Amino acid sequence: MAREVKIAPSILSADFARLGEEVRAVEAAGADWIHVDAMDGHFVPNLTMGPNVVSAIRPHVTTFIDVHLMIAPAEPYLGAFVNAGADLVTVHAEAGPHLHRSLQSIREAGAQAGVALNPATPVSHVEHVLDDIDLILVMTVNPGFGGQAFIPAMLEKIAAARALVGDRPIRIEADGGVSPQNAGDVVRAGADVLVAGSAIFGGDYAERIRAIRQAAG
Ligand SMILES: O=C(CO)[C@H](O)[C@H](O)COP(=O)(O)O
Ligand SMILES: [Fe+2]
């Protein structure tokens, strides 16, 4: 089945002092989604943004907003991220014992639900929640920072995630170190959403998005 590949610039690498302008610019440059990385300084060793940043950027774009929560516990904040304007909220499988409950809360609040897997977490962790998710986010770096090198062993994991979902309408998102150099391999392995932060921000956004899309095939 041919899948339309979505390019999702991560605003982790944007200029935080000009976020409204930055999201408008990547939307105009051809971004399909906007990826928002929320980090809590506990689940990952970095602090970034919360629901107030999502509500601040929401009026600037019509683009689908994809929120990646690297926070534990996530449960108390799920409704706030959806109410702020997230179209999809992804929680980490490693972030707490009640993954199914978190996924139900996201959908009940009105957004699509995703599960993220750290590099060492097997895809079998989502086997029993496949009816409750819209996306599997395969971390292709260790979560916490932009600008890290893609972990090649994650190509096999993307393929395992694709095989696991079968015919279900579940997207597979690759997040971390994605660039024109590896986008082709990542899509051939089975991903259909490509997150890219450092490979897009800091240059000509349209040109960089086009290069990733072209490499994705
Ligand atoms: O979730 C993330 C880090 O935890 C980011 O989305 C990811 O790292 C994107 O940035 P880059 O493309 O620069 O790797
Ligand atoms: Fe992310």
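Figure 1. A residue is buried if 20 or more other C-beta atoms lie within 10 Å of its own, exposed if 12 or fewer, and partly exposed in between. Valine 165 has 18 other C-beta atoms within 10 Å and is therefore partly exposed in this predicted model. Valine 165 belongs to helix α5, which covers residues 154-165, and, leaving aside neighbours within four places in sequence, its contacts are Leu130, Ile136 and Ile170. Aspartate 131 lies 34 residues from valine 165 in sequence, while the C-alpha atoms of the two are 9.7 Å apart in space.

**Figure 2. Isoleucine 136 and the largest nonpolar core.** The largest nonpolar core of the model comprises 72 residues, and those with the most contacts inside it are Val89, Ile136 and Leu194. In soluble globular proteins, nonpolar side chains tend to be buried together.

**Figure 3. Strand β1 and its pairing with β8.** Strand β1, formed by residues 6-9, is covered on both faces, with Lys6 and Ala8 buried on one side and Ile7 and Pro9 buried on the other. The strand pairs with β8 in the parallel sense over 4 bridges, and within this pairing proline 9 stands opposite alanine 196 of β8.

**Figure 4. The shell around ligand 1.** Ligand 1 is surrounded by 23 residues, of which Ser10, Pro143, Gly146, Gly197 and Ser198 are the closest. The elements that give two or more residues to this shell are β2 (33-39), β3 (64-70) and β8 (193-196), and β8 is also the strand that pairs with β1. By residue class, the shell around ligand 1 divides into 9 nonpolar, 12 polar and 2 charged residues.

Figure 5. The peptide bond that runs from alanine 72 to proline 73 is cis, its omega being near 0 degrees, although most peptide bonds are trans. Proline 73 is placed in the loop between β3 and α3, the latter formed by residues 78-84.

**Figure 6. Confidence of the prediction.** For the protein chain the mean pLDDT is 97, with 99% of the residues reaching 70 or more. The scores of the model as a whole are ipTM 0.98 and pTM 0.98.

Terms used
Residues are numbered from 1 along each chain as its sequence is written. Chains are lettered from A and ligands numbered from 1 in the order in which they are written. This is a predicted model: local features need pLDDT of at least 70, side-chain atom pairs count only at pLDDT 80 or more; totals for chains, interfaces and linings use all residues. A residue is near a molecule or strand if its C-beta atom, placed from the backbone, lies within 6 Å of it. Ala, Val, Leu, Ile, Met, Phe, Trp, Tyr, Cys and Pro count as nonpolar, Asp, Glu, Lys and Arg as charged, and the others, Gly among them, as polar. A nonpolar core is a set of buried Ala, Val, Leu, Ile, Met, Phe, Trp, Tyr and Cys residues joined through C-beta atoms within 7 Å. Two strands pair if DSSP finds at least two bridges between them. pLDDT is the predictor's confidence in each residue, from 0 to 100. Two residues are in contact if their C-beta atoms, placed from the backbone, lie within 7 Å.
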